[in-house]
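Please look at the helices and at the loops between them. The paragraphs below go through both.

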Amino acid sequence: MIISKITRQKNLSDRYNIFSEIAGKDEYAFSVDESVLIKYQLRKGLELDKLLLNEIQYSDEIRKGYHTAVNYLARVKRTEKEVRVYLRTKIEEETVIGEVIRKLYDMKFLDDEDYAFSYVRTQRNTSDKGPTVIRRELREKGLGDDLISSALEELPFDVQLANAEKIAAKALSSNKNNSFKMAKQKMEQTLTRKGYSSAVIKEVKLSLEGNDEEDELSALRVHGQKAERKFSAYSGYEFRQKMKQFLYRKGFSIELIERYLDELDMEN
């Protein structure tokens with residue numbers, strides 16, 4: 001084909017429409033990015049064979065994919081995997097996607113190492129997530145374990161422990177009407193779910209030793225009152241056994257249960 005006319009697109013000023021003459025009339029042939037226009041020195045009267053035309057269109061596909069990726073990255077930082085997944089919704093050819101990714105690295109729009117370290121620092125400063133959760137999230141974003149392990153050095157043990165202690169205090173406070181044993185179990189479950197290791201959880205538990213017995217008795221009384229209503233139809237030994245079983249399942253010690261039941265006997 002021979003180029004008969006070139007016009008700038010109205011809505012996209014950096015793209016140009018290429019025309020060729022057919023039966024004495026200019027007919028639209030294809031469009032290209034301005035950089036492709038300059039690279040191949042496209043102009044009126046230039047003759048394009050099939051091989052050159054394919055090369056031009058391939059280069060333009062890469063350029064369009066690059067612009068698409070840059071716009072995607074402009075909103076928020078992404079990993080290579082995330083960009084590839086997004087581009088596959090826009091581009092069919094994997095070779096084009098590969099060239100776009102290479103160009104993004106060349107232009108510093110992609111940097112998985114920088115992403116990993118930035119992500120860990122952000123989570124450290126804005127969330128209470130533990131390293132296990134952060135590791136899983138980074139894996140889902142396509143990052144390798146070695147890189148993730150290096151990035152997690154931004155979340156040292158003392159920072160993890162401080163965060164875990166805050167979570168533990170909140171969890172224990174919300175379970176203050178449960179036995180200390182039950183509250184600790186729920187606290188451990190919360191810390192595990194948030195991604196903290198057994199080593200961190202062990203340190204947190206050690207800091208909780210020496211629980212106030214009066215607080216434990218206060219929590220027991222809350223459950224004891226419920227149990228009293230539940231087993232009001234029973235009396236004597238049978239009532240006492242039902243109460244013991246119920247309160248023991250709630251995590252209270254036999255000694256404290258006996259103390260509470262003795263108080264009930266005295267009141268009655």
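A residue is called buried under 20% relative accessible area, exposed over 50% and partly exposed in between, with a 1.4 Å probe and protein chains only. At 70% relative accessibility, Lys108 counts as exposed. This is a predicted model, in which local features need pLDDT of at least 70 and side-chain atom pairs count only at pLDDT 80 or more, while totals for chains, interfaces and linings use all residues. Residues are numbered from 1 along each chain as its sequence is written, and side-chain values use heavy atoms, with hydrogens and water left out.

Lys108 sits in the loop between H4 and helix H5 (112-126). Helices here are DSSP runs (H or I, at least four residues), numbered from the N terminus. The phi of Lys108 is near 65°, a positive value in a residue other than glycine. Gln41, in the loop between helix H1 (34-39) and H2, also has a positive phi, near 50°. Gln41 is exposed, with a relative accessible area of 54%.

Two packed helices are described by the angle between their axes and the distance between the axes. Axes are lines fitted to C-alpha atoms, for helices over the stretch in contact, and angles run from 0 to 180 degrees between N-to-C directions. Helix H2 (residues 50-75) packs against helix H4 (residues 94-106) at about 55°, with the axes 9 Å apart. H2 and H4 are therefore oblique to each other; angles under 35 degrees count as roughly parallel, over 145 as roughly antiparallel, 65 to 115 as roughly perpendicular and the rest as oblique. On the H2 side, the residues that meet H4 include Tyr58, Ile62, Ala69 and Leu73, where contact means heavy atoms within 4.5 Å. Among their partners in H4 are Val96, Val100 and Leu104.

In helix H10 (residues 198-207), which residues are buried? They are Val200, Ile201 and Val204. Seen down the axis of H10, these buried residues fall within an arc of 100°, so they line one face of the helix; the arc is that of the directions from the helix axis to the C-beta atoms. Ser198, Lys202 and Leu206 are exposed on the other side of H10. The cover over the buried residues of H10 includes helix H8 (157-174) and helix H9 (180-193).

The axes of H8 and H10 come within 9 Å and cross at roughly 55°, which makes H8 oblique to H10. H8 contributes Phe157, Gln160, Leu161, Ala164, Glu165 and Ala168 to this contact, and H10 contributes Ala199, Val200, Glu203, Val204 and Ser207.

Definitions and conventions: Helices (H or I, at least four residues) and strands (E, at least two) are DSSP runs, numbered from the N terminus.
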